[in-house]
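Dear colleague,

I am passing on a structure that I would like you to look at before we talk. Please open it first, and then read my notes beside it.

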Amino acid sequence: APTRITSTWHGRLTADARSRSYRLPVGRGTASVRLWFRGADRLRVTVVRRSTGEVLVGRRGRSVLTAGHWLPAGTYRVTVRGPERTRFRLALTHVAT
């Protein structure tokens with residue numbers, strides 16, 4: 001049976017740090033990203049495969065921002081980028097197959 005795991009991060013973007021990145025190892029399967037935020041009109045979220053630098057998810061938009069993609073097994077960098085004085089909650093749900 002598939003295994004579903006949700007990882008959640010809370011953060012704030014500031015003048016000194018207009019992006020926040022998180023490292024996440026996953027098995028192969030589908031991933032869905034949800035990004036809730038306030039303080040900015042739009043934010044960008046990316047999911048990058050660390051071993052190759054390939055951007056598998058790249059989405060910019062308003063809250064609640066959603067995106068999904070199939071991911072090969074590996075370690076990924078999930079990044080939230082936007083203007084200062086923005087608070088966010090990021091959830092990535094991964095279903096390993």
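Below is what was found, beginning with the whole chain and ending with one residue.

Please keep in mind that this is a predicted model, in which local features need pLDDT of at least 70 and side-chain atom pairs count only at pLDDT 80 or more, while totals for chains, interfaces and linings use all residues. Residues are numbered from 1 along each chain as its sequence is written, and side-chain values use heavy atoms, leaving out hydrogens and water.

The protein chain has eight strands and zero helices (these are DSSP runs, E of at least two residues for strands and H or I of at least four for helices, numbered from the N terminus). Its radius of gyration, taken over C-alpha atoms, is 13 Å, close to the 13 Å that the globule rule (2.2 Å times the number of residues to the power 0.38) gives for 97 residues, so the chain is as compact as a globular protein of that length. Of these 97 residues, 40% count as buried, meaning under 20% relative accessible area with a 1.4 Å probe and protein chains only.

Arginine 4 lies in strand E1, which covers residues 3–13, and it counts as exposed because its relative accessibility is 62%, where the cut-off for exposed is over 50%. Leaving aside residues up to four places away in sequence, arginine 4 touches Thr93, His94 and Val95, a contact being heavy atoms within 4.5 Å. The C-alpha atoms of arginine 4 and alanine 96 are separated by 6.6 Å, although these residues are 92 apart along the chain.
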